[in-house]
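Please open the model in your viewer and keep the selection panel at hand. The tour goes from the whole chain to individual side chains.

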Amino acid sequence: MSRSEEVNRLTENVYRAILDQFNPSLRNFVTMGKNYQKALSGVTVAAKGYFDALVKLGELASDSQGSKELGDTLFQMAEVHRQIQVQLEETLKLFQSELLSQLEHKLELDIKYLMATLKKYQGEHRAKAESIEKCQTELKKLRKKCQSSKNPQKYGDREVQYVEIMSTKQSELDRFVAEGYKAALTEERRRYSFLVDRQCAVSKHFSTYHTKVRELLAAKLPVWQASCTQPTRLPERALALVKLTANHLPGGTPITVADPLPSSKVLEELLEHGPNH
């Protein structure tokens, strides 16, 4: 196998690798990406129920005299995580539009384009190779005539012409094959570059998402953590209400075991206006 034939084989192999390996693998990548997106979208549905349940617990805590501020903390947590979920949903939209949709569109166009490009290359290569073979055939005929002729010198100039033509055509074929191989490698690289570029774009969006999540949580987490560091210590307001319930009824009468405890509303009024009002 000549060097030109070897390079031609390598060129066709590059195109075949794109068509038979890269494109099917890319199609599978897009399918897996859609599955990934669907799974993350499913998380948003579950998240809504999670946040609603957290809000409900916050409401219960807010109704408690001893845990009001913890209820506020739970409300803040639910709100911040809702914001985080909104950011995730926006990122998933970009994942679809800037990666999956673009790759899918490229795939549809790429197969026809590559098939046409390969067919054109093979046609031109075949024509150039056949032209050389034709010259070789004519040269062989000429040399046969030369060998059987009584005056072989008269074929000398024509033989030289054929040799020069063959040399020129072979040089053209060699250049064509080298340029074809370069073009094939370039086509291959362009596809991998596009994939890396789109993946970088999505990675930037996810990086932005994680940065926003970190900033949101970093701003709130210390306050949330501080609100639960003393689980057995009641706030001053609750202690004051406890003291009132221990010493007074609405009319100022000491509480006996048989007396019902005042309601939260009554206790709050006592705390606001004092037991003698």
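Begin with the whole chain of this predicted model, in which buried residues make up 28% of the 277 residues. Coloured by secondary structure, the protein shows 5 helices and 0 strands, in the order α-α-α-α-α from the N terminus on. Among contacts between residues at least 6 apart in sequence, 80% join residues at least 24 apart.

Next, select Phe95 and Leu99, which touch the most other members of the largest nonpolar core, a set of 17 residues. Helices α1 (3-62), α2 (68-148) and α3 (156-227) each supply at least two residues of this core. Apart from it lies another core, of 8 residues, including Ile84, Leu88, Val213 and Trp224. Returning to Leu99 and leaving aside its neighbours within four places in sequence, you will find it in contact with Phe29, Leu94, Arg198, Gln199 and Val202.

Now move to asparagine 8 in helix α1. Is this residue buried or exposed? Asparagine 8 counts as buried because its relative accessibility is 11%, which is under the 20% cut-off. Beyond its neighbours within four places in sequence, asparagine 8 is in contact with Tyr121, His125 and Val177.

The remaining stops are salt bridges, of which a search of the whole structure finds 11.

- Select lysine 34 and glutamate 104, whose side chains meet in a salt bridge at 2.8 Å, N to O. The pair links distant parts of the chain, with lysine 34 in helix α1 and glutamate 104 in helix α2, 70 residues apart. Lysine 34 is partly exposed at 33% relative accessibility, and glutamate 104 is partly exposed at 30%.

- Select lysine 48 and aspartate 52, whose side chains form a salt bridge at 3.1 Å, N to O. Because they are 4 residues apart in helix α1, about one helical turn separates them. Lysine 48 is exposed, with a relative accessible area of 52%, whereas aspartate 52 is partly exposed at 34%.

- Select arginine 191 and glutamate 187, where the closest N and O atoms of the salt bridge are 2.7 Å apart. Both residues lie in helix α3, 4 residues apart, about one turn of the helix. Arginine 191 is buried, with a relative accessible area of 11%, and glutamate 187 is buried at 9%.

Notes. Residues are numbered from 1 along each chain as its sequence is written. Side-chain values use heavy atoms; hydrogens and water are left out. Buried means under 20% relative accessible area, exposed over 50%, partly exposed in between (1.4 Å probe, protein chains only). Contact means heavy atoms within 4.5 Å. A nonpolar core is a set of buried Ala, Val, Leu, Ile, Met, Phe, Trp, Tyr and Cys residues joined through side-chain atoms within 4.5 Å. A salt bridge is a side-chain nitrogen of Lys or Arg within 4 Å of a carboxyl oxygen of Asp or Glu.
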